[in-house]
Every structure is written in structure tokens, then in C-alpha cells.
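Subject: Structure handover

Hello,

Here is the structure for you to look over. My notes follow below it.

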Amino acid sequence: MSAFQSFGLATPPARAAILPREAIAGLKAADMRRRSFLAYGNGRSYGDSCQADSGTVVDMRGMNRMLSFDPETGLMEAEAGALLSDIIAAAAPRGFFPAVVPGTQFVTLGGAIANDIHGKNHHRRGSFGSHVESLRLLRSDGRLHACSATENSPLFAATIGGMGLTGLILSAVIRLMRVPSLDVTEQVTPFRDLGEYFDLAQAADQANEYAVAWVDQLASGRDAGRGLMMTGNHCPEGGRAAPLSAPRLSVPFRVPVNVLNRPFLSVFNAAYRWRKGASAEPRRSGYRAFFFPLDSLGNWNRLYGPRGLFQHQSVIPFEAAREAIPRMLEAARTAGRGSFLTVLKRFGDVRSPGLLSFPRPGYTLTLDFPNHGASTLALLSELDRITVGAGGAVNPYKDARMAATTFAASFPNWRELERLRDPVFLSAFWARTALRLPAAPGGAAAAA
């Protein structure tokens, strides 16, 4: 399976998809225990955590109502298929914004919870799960489970970051963040190398709500590790309207070759560094440009060509980052592979309530590579090796090929999720990783 196949599919395969009402009726009647299926949000995961190779997917996007909103507290209840764009449009005019957003607003609420997504402000707000007050979960025992930190707490923890394996999330109550406006005051600071970035990163986090760095992954020699630090805070005054609209530009078809090749990336990196870093003065940015730049180009993943892309995201502990992250960038350069967008962020110590949450204290590096087959897979395995050797973790919901042993090293408490997993909910990711590992230390391996 190509990583491309699981990203950007607007619709799951019709023959293998059912609507929420069918799944809900079957689960309540407890007559689906002989079937295997999985909730499907809006298909923005980069791997197979939202795919069910031998089961049925439940297309949740039609279950997207806003159920309630308290403008005094910022508490919103919505169905699991609601997109973050819908939540922003409903809450922004009243002065609220999701406390955590990823790089696209076109993810569902259920998907944000199941993957415990993170954003540019983990150092202050933690992951998405830190702002989930409660959720309603339907399991194959036919029961609707109300889950929170105080009610069914083990199931609540397993569902946050549980990749959809604990049952069908029907709705959730989340706590939004009060903001003066949607607009962001952005400041861009160039850095010469990764050493300078690390020197800047902690102070940038302390002074700003948002912080993220772009790295020129192709730069080598004395320019190796150069990049731009982008920091931001919501403007005291600015717009609050968040109109729902589709991207004005879109890639209409899958191009026959990879457009984002090394010569293109060399030109793109130089132009991006020049344009974005032209001024160190603070400037106002619209929220879409700051948080969701790729959303402006629909189906951008098609530019990677028919074989698609792989994304590798890792988190490296603070004490190992200065040595491990330069090694990872050097490994990509040595392999002759260019990353379209190379992103570096600092995670803080805000602990998630989720059992299998990916963010943890350290630095997270994200790399995108065109799929060139065996050579790309070899590079990704080397990046895994460096990550695990440094005591870090590889992000499962952005993965389409990591070894089961890499997953186990990244998430040593995975067996607790397996214990709480609903027996009829199974993803392709879980089948190729967790179910190929020993059920307990010294035990027999489970059948995949």
C-alpha cells in the first residue's frame, strides 16, 4: 500500500463503507460481533490508521451537527463527524477558537480525538485531548458509554489517542479557547543552523502562544540546518469571521510524475526562505495562512505523482535532540531525498489524558518524501532507528510502514490499549503492528 492511498481520499471505498446510522443500529443490537470495522473521518491521516483492510469503515462525515455551545465557558458539544472548520465557523464570532489545531482544518472532531492531534502551541496547551471534557462512545456490547476523566476514565484515556479502536465516538464536549481575534501577529526569525535554533526555541515558546520552525532540509555544508523560526499570538484586534469556503485552487488530477522533485525543492526552498524571511518585523496574518497554509491548495498531495508520499514524524527527548535531529537530516541528504516541508517544533511538558498520545517533552521533526519504493523505505527505517535509539517515538497516525518493533519501542504501554480495544474495531495499522507483537512479555505472538 502506498502512503498516498490513505491520504486525500475524500470517500472511502463504497463497497466497504456504511453510514453511521447503520453502524449505530447494529452496535446497539449487538449483532455486529462477527464483523470488523472502523470509523472513518475525513481521510487526512497519512497512513493506514483510518483504513480497515478486511473490514468495513463507517463514514462519519454526515454525523456533523453542533449540539450545544456555552459562550460563557467556551464548552461546545458536537457530533464526531463535525469538521474543525465547522467548529471554528460556529465559535469564532463569539470570541472562541479551538485550543489546539493541526496543519489542516479539514479533520473531524472524532479524528482529532482518536489521534490526539497537536499543533504549534503544545508548550502551552498540550494536545487536543487535554481539552476534551467528555465523550459518548458506542461499543459492540450494545452499550453507550459516557466517558470523562471521572466516569469510565480508563476507557476515556484509551479513546484519546486510541486511533478509533475503542468503539464508535458519537459526540464530544470540548473546551474552546477564548481569543481576541482570529488574526495572528506573526514574527519570523532566521537561524543559521540547528544549534542556533535550539538556543532560540525555549525562549520563543515562553514568549509566544505559537512557535514552529521551517528547516531548509537540502542545505549542506556550513548552511546545514538553516531555517526560519515563526512565532505568533492572536491579535488584540482583528477579524472574527470564519466563512466556510472550499479552496480556490486545486490540483485537478494525479500528475503522472513527481512534481516535487529535488530541482524544484531547491528553487522552492530558496524562494520560501527569501520571501518568508524578508523582514523580521511583526506582521498580521490571517488565521488560515498561519495555521492551515496547505488548505489553500486542494488535493495538493497529487503533486507527488502516482506513487504518493510518505511522511515521517518523530519526537526526540530534549537531551538527545541536538545530536539526533542533525543526524536525521544528514541521513536524508545522504540518501539523496528531499523533503517538501521540513517542520521542527518543541513539545512542552503538558501531559495528555490519552493513553497512547504521541506528543511528549522534546522536539518533533516532520519530513515528507516522495515514494520511490525500496530506497525510500530504507531511509524511513534509518530514521526510525535514529529515533528509537535516541529514546524517541514515531507518530503512528502519520505512518504507513513502520515495523511492529518500532511501534512497541515508541509506545511501550500499547498492551493496555489492546486490553481496552473493542473486539470488532480493527485498523490496518493495528493489524500490522500491535497484533504482530507478543500479547504479554514472554507470551506467544498474536495472529495478524
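Three strands make an open sheet, ordered E1-E3-E2, with parallel pairing. Strands E1 (17-18) and E2 (37-40) are the edges, each pairing on one side only. Please bear in mind that this is a predicted model. E1 meets strand E3 (residues 56-59) in the parallel sense, over two bridges. There, Ala17 stands opposite Val57 of E3.

Next, strand E13 (residues 227-234). Seven of its eight residues are buried, so E13 is largely enclosed by the rest of the structure. Strand E11 (residues 184-191) runs antiparallel to E13, and eight bridges join the two. Within that pairing, Glu186 has Gly232 as its bridge partner in E13. Strand E12 (residues 210-215) is also antiparallel to E13, joined to it by six bridges. Here Val212 stands opposite Met230 of E13. A reminder for reading these strands: side chains in a regular strand alternate between the two faces of the sheet.

Now the cores. The largest nonpolar core has 56 residues. Which residues have the most contacts inside it? They are Phe97, Ile113, Phe128, Leu168 and Phe291. Strand E9 (residues 168-175) gives the most to this core, namely five residues. Leu168 is worth a look. Leaving out residues up to four places away in sequence, Leu168 touches Ala23, Ile24, Leu27, Ala39, Val58, Met60, Arg136, Leu137, Leu138 and Phe425. Another core lies apart from the largest one. This other core has 30 residues, including Met229, Ile316, Ala331 and Leu365.

On to the aromatics. The count comes to 24 aromatic pairs. Take Phe191 and Tyr197: their ring centres are 5.4 Å apart and their planes lie at 50°, so this pair is tilted. Phe191 has a relative accessibility of 2%, so Phe191 counts as buried. Tyr197 is at 2% relative accessibility, and therefore counts as buried. Tyr287 and Phe292 make an edge-to-face pair, with 6.3 Å from centre to centre and 90° between the planes. Both Tyr287 and Phe292 are buried.

Phe97, Tyr210, Tyr287, Phe290, Phe291 and Phe292 are linked by ring pairs into a cluster.

Two charged side chains sit over rings. Lys120 lies over the face of Phe290, 5.6 Å from the ring centre. Arg360 lies over the face of Phe411, 5.0 Å from the ring centre.

Last, Ser85. Where does Ser85 lie? Ser85 is in helix H2 (residues 84-91). Is this residue buried or exposed? Ser85 has 6% relative accessibility, so Ser85 counts as buried. Leaving out residues up to four places away in sequence, Ser85 touches Gln105, Phe106 and Leu244. Ser85 and Pro282 are 197 residues apart along the chain, and their C-alpha atoms are separated by 26 Å.

Best wishes

How values were computed. Residues are numbered from 1 along each chain as its sequence is written. This is a predicted model: local features need pLDDT of at least 70, side-chain atom pairs count only at pLDDT 80 or more; totals for chains, interfaces and linings use all residues. Side-chain values use heavy atoms; hydrogens and water are left out. Two strands pair if DSSP finds at least two bridges between them. Helices (H or I, at least four residues) and strands (E, at least two) are DSSP runs, numbered from the N terminus. Rings of Phe, Tyr and Trp (its six-membered ring) pair if their centres lie within 6.5 Å; planes under 30 degrees apart count as stacked, over 60 as edge-to-face and the rest as tilted. Buried means under 20% relative accessible area, exposed over 50%, partly exposed in between (1.4 Å probe, protein chains only). A charge sits over a ring if NZ of Lys or CZ of Arg is within 6 Å of the ring centre and within 35 degrees of the ring normal. A nonpolar core is a set of buried Ala, Val, Leu, Ile, Met, Phe, Trp, Tyr and Cys residues joined through side-chain atoms within 4.5 Å. Contact means heavy atoms within 4.5 Å.
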